[in-house]
Amino acid sequence: MPDVLSFITNKKRRFMTKEDITVYATQSCMYCHALVDWLNENNIPHTLKFIDADEAAYNEVKTRSGGDIYGVPVTFIKNIKIEGFAREQIAAVLAQNGITI
């Protein structure tokens, strides 16, 4: 018979992969580096794309944003866009997906 507690715990828990979180950044942006450091410190999987070094990444973030972007970092958690290093907003969206920081 399966352990009921682990079944309930596993049912409530959601998992995210690095494909679920994308950070668009520039190499010289201190807020971008702070965001990536914060994600790494909290063991949050993510994909990092430098839009100043990768034209495809720049075009991708423009498309996902619905036009021009006016600053970095731009983070997408699934389809939710977050501009800047908005720690509380990022933590709230992660919590909605079962990840508590």
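**Terms put to the test**

Q: What makes Ile77 a contact of leucine 94?
A: Contact means heavy atoms within 4.5 Å, and leucine 94 touches Ile77 along with Met16, Ile21, Ile44, Ile99 and Ile101, not counting residues up to four places away in sequence.

Q: How do you know which rules apply to the model?
A: This is a predicted model, where local features need pLDDT of at least 70 and side-chain atom pairs count only at pLDDT 80 or more, while totals for chains, interfaces and linings use all residues. Residues are numbered from 1 along each chain as its sequence is written, and side-chain values use heavy atoms, with hydrogens and water left out.

Q: Why is cysteine 32 called buried?
A: Buried means under 20% relative accessible area (1.4 Å probe, protein chains only); cysteine 32 has 2%, so the word applies.

Q: Which residues does cysteine 32 contact, leaving aside its neighbours within four places in sequence?
A: They are Ala25, Thr26, Val72 and Pro73.

Q: What makes strand 1 and strand 2 a pair?
A: Two strands pair if DSSP finds at least two bridges between them (strands are DSSP E runs of at least two residues, numbered from the N terminus). Four bridges join strand 1 to strand 2, and the two run parallel. In one of the bridges, valine 23 has leucine 48 of strand 2 as its partner.

Q: What is the order of the strands in the open sheet?
A: The four strands follow the order 2-1-3-4, with mixed pairing.

Q: Why are strand 2 and strand 4 called edges?
A: Each has a single partner strand, so one side of each is left without a neighbour in the sheet.

Methods
Buried < 20%, exposed > 50% of the residue type's maximum accessible area, 1.4 Å probe, protein only.
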